[in-house]
Amino acid sequence: GNFHTKAQLMMAQGNWPEVIKLERRTLELSPDFRAAILQLAVIHAVVGNYAEAIDYAERAVELDPRAVPLRDHLIFLYVEVGDIESARGVSATLGVSDHLLVLWAGGKIREAADILDGEVIARLGQTHPEIVSQIVLLQALSDRDYTRALQMLSGVLPFNESLPAAAMG
């Protein structure tokens with residue numbers, strides 16, 4: 001745990017090589033230390049080494065397959081490298097938010113917009129408002145239903161200004 005704690009401090013300072021070194025030392029002492037495995041997945045993604053990031057994220061998910069944040073992270077890594085099929089495989093056992101993410105990443109905006117409802121928007125909007133807003137915006141541009149888009153987004157991205165009437169027509 002001490003090596004992991006020090007690695008977190010190094011992470012805050014942006015000392016990526018030291019973070020990797022310390023987390024690897026943590027895993028030498030405790031191979032199933034999930035926080036160190038996840039930290040290595042994150043840091044490898046930060047430095048652009050997605051193959052190692054995915055390896056560590058897969059390892060973390062194997063240790064705790066019910067941990068939704070770990071699986072979400074793995075889905076995001078797969079999406080980042082364009083491996084939508086692998087992302088879909090991970091999301092098959094997850095909830096609608098993860099399914100929505102895979103649809104969005106695969107360019108299936110209409111399908112993604114069709115499963116958006118208040119509950120999904122509220123849940124996903126808290127963690128990934130950019131994805132929700134992109135899905136709603138792209139769908140609004142497609143079907144020109146801006147009123148619906150504003151209603152859907154108002155709970156997630158509240159704002160105090162109104163659009164001009166011309167934008168609503």
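Predicted model: local features only at pLDDT ≥ 70, side-chain atom pairs only at ≥ 80, totals over all residues.
Local features need pLDDT of at least 70 and side-chain atom pairs count only at pLDDT 80 or more, while totals for chains, interfaces and linings use all residues. Residues are numbered from 1 along each chain as its sequence is written, and side-chain values use heavy atoms, with hydrogens and water left out.

**Helix H3**
- Helices are DSSP runs (H or I, at least four residues), numbered from the N terminus.
- Buried residues of H3 include Ile37, Leu40 and Ile43; buried means under 20% relative accessible area, exposed over 50% and partly exposed in between (1.4 Å probe, protein chains only).
- Gly48 follows H3 and has a positive phi, near 85 degrees.

**Salt bridges**
- The count is 4 salt bridges, each a side-chain nitrogen of Lys or Arg within 4 Å of a carboxyl oxygen of Asp or Glu.
- Asp64 and Arg34 form one of them, with the closest N and O atoms 2.3 Å apart.
- Asp64 lies in the loop between H4 and H5 and Arg34 in helix H3, so this pair ties together parts 30 residues apart in sequence.
- Asp64 is partly exposed at 21% relative accessibility, and Arg34 is partly exposed at 36%.
- Glu28 and Arg25 also form a salt bridge (3.0 Å, N to O); they are 3 residues apart in helix H2, about one helical turn.

**Surface**
- Leu137 lies in helix H10 (residues 129-143) and is partly exposed at 49% relative accessibility.

Terms used:
Helix = DSSP H or I, 4+ residues; strand = E, 2+ residues; numbered from the N terminus.
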